[in-house]
Structures are given as C-alpha cells and as structure tokens.
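Here are some notes to read beside the sequence and the model. They are numbered so that each can be checked in turn.

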Amino acid sequence: MAEVATFATSDQLLIVIDPAARRTDAESVRIAKDVLSAGAATKVCLPEGPEEFARVLARRGSRRPVLVGDDRALMRAVSLLHRQRELAGCALSMVPVGGGLSLAGALGVPTGAVAAARAVLDGVVRRMDLLVDDSDGVVLGALRIPSLPPMRGAPPVDQEDAVTASSSSGSGSGFGFGSGSGSGSVPASWLRTCQSLVRTLVPVRPSREPLAGVTRLAPARLRVEVDGVTLVDLDQPVEGISVTPGASGFAEVEVRPVSVGAEASPLYARGRTVTVSGADFRYRADAVVSGPVRTRTWVVREGAWGLTLPVK
C-alpha cells in the first residue's frame with residue numbers, strides 16, 4: 001500500500017450513513033457525526049436503500065465520501081464506483097459502525113467511532129490492490145471457495161434393540177411374562193404394554209450411521225491455475241481454496257488438499273491471474289456468497305482503490 005495524500009480539515013465531507021448502522025448503534029453514529037462536523041464542512045445523507053445509496057455517491061461532486069456503516073457498506077461503495085469506472089479517482093473514508101466489521105479492521109480502519117473519525121480528518125489515503133473477476137465483481141479482502149454443498153447423510157439404521165426379541169420370546173425378558181400355557185400366561189395387551197415400558201427403560205444402542213438430516217461436507221474437485229500454471233487439478237480433491245490481494249499487484253493463493261492418511265500440506269502460489277474451474281462451485285468474496293459457476297477468473301488490479309487510514 002502506498003500513501004498518496006493527506007487531507008486538510010477544511011475539506012468538504014459527504015457523510016453517508018448506512019441505515020443498518022442507524023438501527024444497530026445510533027450512539028456511535030451520533031459521535032461520528034459530531035467529531036467529523038467539528039473538524040470539517042460536512043453534508044450528511046441518510047440513504048434508505050441501495051438505489052438511493054448509489055445516487056448519493058454519484059452526486060457527491062467534489063466532496064470526499066465518508067461511509068458510516070459496516071463491511072457491507074464499504075463493499076457496496078467500492079463495487080458501485082468500480083462499475084462506474086470512478087474508483088481510481090475517488091478515495092473512500094470509513095467510520096465502522098454495525099455488526100460485521102472484520103474486513104474494515106483487517107484493512108487497518110480503527111473500529112472505534114472517535115478514532116476512526118479522527119483518522120478520516122487527519123489520515124492519509126493508501127492505495128490498495130483489488131481482485132476483479134470476469135463478471136466485474138470485486139474482492140477487497142479475501143476470496144474463499146469452500147467444499148461442495150453438503151451431502152445428505154445415510155438414513156439411520158433401524159434402532160430395534162434386543163429387548164423386543166427377548167420380551168416376545170418369554171422368560172428372556174427377565175419379567176416372567178410369557179404367552180405359553182399355564183397360570184403364568186398373561187393377555188397379549190399386557191405383554192405389549194410391558195414391552196413398551198422396557199424399551200423406555202433400556203438405553204438405545206447408538207447407530208453407527210449418521211442420522212437423517214445430519215450433513216457431511218464433500219471434497220471439491222477443482223482445477224486451480226495461477227498465471228496459466230496448474231497448481232492443482234481435478235484428480236486431487238481439495239477442502240478449500242483462498243485467494244487474497246497481496247502486495248505489488250500479486251495475489252496470494254492457498255489450496256488445502258484433502259488429506260489421506262498423513263495430513264496433506266497446503267499448496268501456495270502467487271500471481272496476477274487466478275482461474276478456478278470444475279464442477280459447479282460457490283465462492284465467498286469478502287462477505288458475499290456467489291455462484292454456482294463452473295469457471296471464474298480473478299485478476300489483480302494494483303493500487304486500484306484508495307482508503308483513508310491513520311498515519312503510521
């Protein structure tokens with residue numbers, strides 16, 4: 001990441017407050033507004049939905065946008081500016097407020113309202129790499145491809161225990177009830193009642209098969225190519241794949257093969273282009289799950305976007 005600019009407190013700020021932040025933590029929103037308004041000329045916008053959010057950003061003029069919201073608000077802003085081809089010329093600032101803030105924290109944004117607002121006023125813009133896929137989607141922090149969707153477990157084995165057989169056979173039940181002749185015989189209805197009682201008292205043997213509704217993850221068979229070189233092919237099942245924007249225009253790729261016997265070591269590579277193909281798979285780009293797709297290519301855009309962070 002490279003520092004490109006510092007800001008004077010006289011800059012005009014466009015404070016865009018995400019509705020989720022207002023609902024989740026109105027006090028932090030108020031604190032952020034107070035600190036920002038005390039240090040710069042501000043205009044506050046309260047968009048109620050994605051369309052209004054997009055219009056506010058499009059009409060920002062010369063004002064510097066400041067997002068007050070969670071990770072999804074940041075991802076939404078970056079995606080919109082990327083699709084409008086205005087991302088390179090618009091540095092973003094952020095005061096994290098809401099539920100999901102792990103991405104903001106990982107990028108270096110302070111998670112406290114006061115500290116983050118002070119960073120907006122006194123910080124510097126750092127250029128960051130971005131992953132862009134062939135459907136024009138973006139990844140700021142991490143791309144993860146999990147295993148295939150879970151398979152349903154096998155139906156449970158019939159849980160009949162030995163009580164039923166021994167009870168119906170007579171003295172094997174241990175209670176002396178039988179259906180034979182003589183004074184010891186009892187009506188069939190009494191026998192069924194006693195058998196039912198015994199079943200409730202004797203523990204049921206656990207099944208060795210998974211119960212119905214219990215899921216297990218299946219390994220994925222995917223081809224992963226980094227800069228045209230195959231890192232893993234379809235004949236090697238994998239547990240997961242992760243791709244993160246690294247530094248200087250390279251992506252860091254990790255593939256975790258399925259272990260057979262001894263634990264399999266992860267495979268690592270770095271490159272500018274990553275292609276994943278194979279059976280239908282879903283992927284998580286930051287906090288958004290997409291797919292299923294059969295193939296997808298991500299390309300690293302070096303220094304594609306700017307985020308205001310505290311001075312080191």
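1. Start with helix H6, where Ala113, Ala116, Ala117, Ala119, Val120 and Leu121 are buried. Buried means under 20% relative accessible area, exposed means over 50%, and partly exposed lies in between, with a 1.4 Å probe and protein chains only. The cover over the buried residues of H6 includes S2, H2, S4, S5 and S17. Contact here means heavy atoms within 4.5 Å. Helices (H or I, at least four residues) and strands (E, at least two) are DSSP runs, numbered from the N terminus.

2. Before going further, note that this is a predicted model: local features need pLDDT of at least 70, side-chain atom pairs count only at pLDDT 80 or more, and totals for chains, interfaces and linings use all residues. Residues are numbered from 1 along each chain as its sequence is written, and side-chain values use heavy atoms, with hydrogens and water left out.

3. Now the whole protein. It has eight helices and 17 strands. Of its 312 residues, 41% are buried. Among contacts with a separation of 6 or more, 69% are between residues 24 or more positions apart. The accessible surface is about 16,200 Å², and 54% of that belongs to carbon and sulfur atoms; accessible areas come from the Shrake-Rupley method with a 1.4 Å probe, and for residues only the protein chains shown count as cover.

4. Which strands form the open sheet of four, and in what order? The order is S3-S2-S4-S5, with parallel pairing. Two strands pair if DSSP finds at least two bridges between them. Strand S3 (41–45) and strand S5 (93–96) are at the edges with a single partner strand each, so one side of each has no neighbour in the sheet. On average, neighbouring strands of this sheet are turned by 25° against each other, direction ignored. Axes are lines fitted to C-alpha atoms, for helices over the stretch in contact, and angles run from 0 to 180 degrees between N-to-C directions.

5. The pairings can be followed one at a time. S2 pairs with S3 in the parallel sense over five bridges, and Ile15 has Val44 in S3 as its bridge partner. S2 also pairs with S4 in the parallel sense over five bridges, with Leu13 opposite Arg64 in S4. Five of the six residues of S2 are buried, so S2 is largely enclosed by the rest of the structure. Strand S4 (residues 64–69) is joined to S5 by four bridges, and the two run parallel. Gly69 stands opposite Pro96 in S5.

6. Two helices pack on this sheet. Helix H2 (residues 26–39) touches strand S2 (12–17), S3, S4 and S5, and its direction makes about 175° with that of S2. Helix H6 (residues 113–122) touches S2, S4 and S5, and its direction makes about 175° with that of S5.

7. Next, the nonpolar cores. A nonpolar core is a set of buried Ala, Val, Leu, Ile, Met, Phe, Trp, Tyr and Cys residues joined through side-chain atoms within 4.5 Å. The largest has 31 residues, of which Leu74, Val78, Leu92, Leu130, Leu140, Trp305 and Leu307 touch the most other members. The elements giving two or more residues to this core are S2, helix H3 (50–58), helix H4 (71–83), helix H5 (102–107), strand S6 (124–133) and strand S17 (288–309). H4 gives the largest share, six residues. Another core, of 23 residues, lies apart from it and includes Val243, Val274, Ala285 and Val293.

8. His82 is in helix H4. Is His82 buried or exposed? His82 is buried, at a relative accessible area of 6%. Leaving out residues up to four places away in sequence, His82 touches Leu87, Val132, Asp136, Val138 and Arg301.

9. Finally, some backbone points to check. Most residues other than glycine have a negative phi, and most peptide bonds are trans. Asp136, in the loop between S6 and strand S7 (138–139), has a positive phi near 75°. Asp227, in the loop between strand S11 (222–226) and strand S12 (229–232), has a positive phi of about 55°. A cis peptide bond joins Gly291 and Pro292, with omega about 5°.
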